[in-house]
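Please look over the sequence and the model before reading on.

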Amino acid sequence: RLPRRLPRRLLDSPLRRLCGSVTPRARHAGILEFGIGAFAGMAGSLVGMGGAFISLPMMTGVLKMSQHTAHATSLVAVAACGAGGAIGFVSSNNVDWVAALALAASGIVSARIGAQFAGKMDGVALKKLFGVFNMMIAPSVILKSKILKSASKDVEPSDAEVIIRKMLPMAGIGAITGGISGLFGVGGGSITVPAVAVVSDFSHYKVLGTSLAAMILPALSGVYTHNQAGRILWKTAGPLAAGSAIGCFVGGRYIATGIDEDVLRYIFFGLMLGIGWRTYSSARHATIFK
């Protein structure tokens with residue numbers, strides 16, 4: 001039997017204080033943050049993105065986080081979503097790890113640069129720029145299938161051509177998307193997916209799985225930079241990332257192949273266009289730089 005009264009050294013322990021500090025309100029907030037992450041992760045996995053295009057507006061609107069804190073904290077969830085989605089897609093052999101590493105290697109450096117650049121911008125201006133970014137990449141969700149069809153698949157690269165025709169283009173794509181990931185707190189999949197489809201002969205599902213796998217390391221690089229600057233709210237990042245990982249895994253493993261691709265493209269085209277316009281409109285009078 002347990003003693004009626006615990007020793008004072010246990011009552012005063014850090015674990016006891018931590019458990020005692022979890023109020024019902026904090027538990028409800030954690031459930032909400034987990035739900036946001038799960039929904040964003042599941043949606044993002046279906047188009048090869050980290051889900052920040054859904055989680056960021058909800059973090060600033062529902063959770064009332066500042067724009068800088070939301071962008072920094074969302075990168076933790078983006079990394080978790082990439083890991084969960086990659087695990088989901090790799091079970092069906094739909095991740096090209098060589099391409100993912102090429103994308104990630106260059107993205108790590110540019111993600112840190114983007115994260116440092118974000119700290120020099122006004123929070124409202126960052127919100128405005130993120131809205132413009134969303135509207136600009138919205139058509140890519142629809143056009144990526146047409147781009148893939150237009151890519152030539154008649155010539156198979158030899159072993160000597162792999163670096164030029166696969167690794168180098170992937171590294172270039174990774175450098176661009178890594179900077180976008182660090183700057184906006186997103187996974188960069190909206191650019192990675194159509195770009196990888198052009199330079200490779202991957203199936204649509206392998207493009208999605210590779211995009212999710214490639215965003216893990218650049219996102220973690222951005223997390224490190226943001227954390228050094230103290231911009232990440234870790235009590236929110238934990239449940240948000242857990243939900244994102246689970247949602248992205250479920251989407252990649254069980255849902256992605258069950259929905260018509262054209263339907264998904266038009267849904268997310270409208271969603272990103274709407275979110276982008278709403279975000280831009282709420283900050284349209286901001287100046288970009290301090």
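The text below goes from the whole chain to single residues.

This is a predicted model, in which local features need pLDDT of at least 70, side-chain atom pairs count only at pLDDT 80 or more, and totals for chains, interfaces and linings use all residues. Residues are numbered from 1 along each chain as its sequence is written, and side-chain values use heavy atoms, with hydrogens and water left out.

The protein has 14 helices and 0 strands; helices (H or I, at least four residues) and strands (E, at least two) are DSSP runs, numbered from the N terminus. Of its 290 residues, 49% are buried, where buried means under 20% relative accessible area, exposed over 50%, and partly exposed in between (1.4 Å probe, protein chains only). Among contacts (heavy atoms within 4.5 Å) with a separation of 6 or more, 86% join residues 24 or more positions apart.

Helix H11 (residues 204–214) is largely enclosed by the rest of the structure, because 9 of its 11 residues are buried. Among them are His204, Val207 and Leu208.

Gln67 lies in helix H5 (residues 67–90). Its side chain makes a polar contact with the side chain of His71 at 2.8 Å; such a contact is a pair of N or O atoms within 3.5 Å, where within protein one must be able to donate a hydrogen and the other to accept it, and residues adjacent in sequence count only if both atoms are side-chain atoms.

| Residue | Relative accessible area |
|---|---|
| Gln67 | 11% |
| Cys81 | 0% |
| Cys248 | 0% |

The protein has 0 disulfides, counted as pairs of cysteine sulfur atoms within 2.5 Å.
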